[in-house]
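Open the model in your viewer and keep the selection tool at hand. Each stop tells you what to pick and what to look for.

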Amino acid sequence: MKTDEIINAESRFLAYFSHDIRMPVTGIIGMADIALENVGNKEKLEDCLVKIKSSSGYLLSIANNVLDMVQYNSGCLHKINKPFDIVEFINGCTSLFAGILYNRNINFTTCFPVLPVTKVCGDELHLKQILVNLFGNSVKYTHDGGKISFEVEEVRYDNNTVTYGFIISDTGIGMSEEFISEMFEPFKQENADNTIKYSGNGLGMAITKQFADMIGGDIKINSEKGRGTTAKVMVTFDIDNSYKKKENNKLNANFDGRKILVVDDSDINAEVICGLLKQRGAYTTMALNGRSAVEIFMDSELDFYDAILMDVTMPVMNGLEATKHIRSLDREDASRVLIFAMTGNVFKDDIARCKEAGMDGHLIKPVNLDELIEKITEYSNNKKYK
């Protein structure tokens, strides 16, 4: 006969399992709906299938780790430490989040810097579960017309480890300071009515905190009732030594003589990119919006700039408008200067708009530094847009 403790443990596990699979299933259904509405659009169908595959793969990972979850309830589950690509991980999360938001009138934005290291060792599966749980709460508690953002930032970096912060912010219903101090306790709800209104079971944040502790991460929550919530997860990764030598060789690539205009409305992102390129011998100029970029280019000598790294979403003048303006200038180098988009927009129609505006290439944020260097070198040899 089962004891109350065993029954309680089983109930908690089933509640957790239900909570954890809801988000990827929602993403799969959302992408399937989009596909059904675009049966005659091959590119859109392909895009949907890629995202369905990504969400399905995550769902399969959860199913394959059911035994691990049972072990966790018994205190037997341990941190996974395997190599993975942090840029691919972030892009996978972004696609998954976009699918979850299908049929919701919520403005979803992303902000990713150039990351100094992308090949790391860590617990990719449980980190994704943490972020999915946090994002799921943002979706659940943010009304239509609101905003949700997903950001990544570099916190610390040395020869052996790198610490990244994963930030999910929303303009949802928020929480009181009193509740934040106890929100990680099982079955806690600030308002009992929320259980019915938002289908919450009070286990999500408790599970999220347990996984964060297990992988050596730290969660900080800032919130204000009626104004929204920001959750920041900081995780330290070991640098993947199997790629370290290769990356170091690329970081030492000689870029002497390259003149690059970096355009980004985030001065921090622009400074990071400029700093990394300067370490490779490049001469860089920084602009914080499209209009400023156009003016800097117009004031430069003929063929002064080898390439322009152009953020797409900016105030005053966005990257697409700035690119069109530069391409239309009455000077010989306006048509041949290399212009690369730097954007968190990953859909094929976004890439098509960049190409139509006159850009030579498309770099998805967070920009992989190796890819950026490779693109500049490749397109300097007059290779076509890919």
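**Stop 1: Ile 100**

Select Ile 100. Is it buried or exposed? Its relative accessibility is 3%, and the cut-off for buried is under 20%, so Ile 100 counts as buried. Ile 100 belongs to helix α4, which covers residues 86–100. Ile 100 and Gly 30 are 70 residues apart in sequence, yet their C-alpha atoms are 6.6 Å apart in space.

**Stop 2: the whole protein**

Zoom out. This is a predicted model. The protein has 14 helices and twelve strands. Of its 386 residues, 49% are buried. Take the contacts between residues at least 6 apart in sequence: 72% of them join residues at least 24 apart.

Colour by confidence next. The average pLDDT is 80, and 76% of the residues score at least 70. Select residues 192–202: here the pLDDT is below 50, although this stretch has 22 contacts in the model beyond near neighbours in sequence. Then select residues 245–252. Their pLDDT also stays under 50, and the model gives them nine contacts beyond four places in sequence. Where pLDDT is low, predicted coordinates should not be read in detail.

**Stop 3: the five-strand sheet**

Show the strands β8 to β12. In what order do the five strands of the open sheet stand? The order is β9-β8-β10-β11-β12, and the pairing is parallel. Look at the edges: β9 (283–287) and β12 each have a single partner strand, so one side of each lacks a neighbour in the sheet. From one strand to the next, the twist averages 20 degrees.

Select β8, residues 259–263. Four bridges join β8 to β10, and the two run parallel. Pick Val 262: its bridge partner in β10 is Leu 309.

**Stop 4: strand β11**

Select residues 338–343. This is β11.

Now find the partners. β10 and β11 pair in the parallel sense over five bridges. Leu 309 stands opposite Phe 340 in β11. β11 is also joined by four bridges to β12, residues 361–364, again in parallel. There, Ala 341 stands opposite His 362.

**Stop 5: helix α12**

Select residues 319–327. This helix, α12, makes a right-handed β-α-β unit with β10 and β11. Helix α12 lies across β10 and β11, running at about 150 degrees to β10.

Pick Thr 323 in α12. Its relative accessibility is 0%, so Thr 323 counts as buried. Which residues does Thr 323 touch, not counting those up to four places away in sequence? They are Met 310, Ile 339, Ala 357, Gly 358 and Met 359.

Step back to Val 316, in the loop between β10 and α12. With a relative accessible area of 54%, above the cut-off of over 50%, Val 316 counts as exposed. Most residues other than glycine have a negative phi. Val 316 is not a glycine, but its phi is positive, at about 70 degrees.

**Stop 6: Asp 303**

Select Asp 303. Asp 303 sits in the loop between α11 (290–299) and β10 (307–311). Asp 303 also has a positive phi, about 60 degrees, without being a glycine. At 40% relative accessibility, Asp 303 counts as partly exposed.

Show its surroundings. Beyond neighbours within four places in sequence, Asp 303 is in contact with Arg 331, Asp 333 and Arg 336. Zoom in on Arg 336: a polar contact of 2.8 Å joins its side chain to that of Asp 303. Finish with Glu 332. Asp 303 and Glu 332 are 29 residues apart along the chain, and 8.3 Å separates their C-alpha atoms.

Note on methods. Residues are numbered from 1 along each chain as its sequence is written. Side-chain values use heavy atoms; hydrogens and water are left out. Buried means under 20% relative accessible area, exposed over 50%, partly exposed in between (1.4 Å probe, protein chains only). Contact means heavy atoms within 4.5 Å. A polar contact is a pair of N or O atoms within 3.5 Å; within protein, one must be able to donate a hydrogen and the other to accept it, and residues adjacent in sequence count only if both atoms are side-chain atoms. Two strands pair if DSSP finds at least two bridges between them. A crossover is right-handed if, with the strands pointing away from the viewer, the path from the first strand over the helix to the second runs clockwise. pLDDT is the predictor's confidence in each residue, from 0 to 100. Axes are lines fitted to C-alpha atoms, for helices over the stretch in contact, and angles run from 0 to 180 degrees between N-to-C directions.
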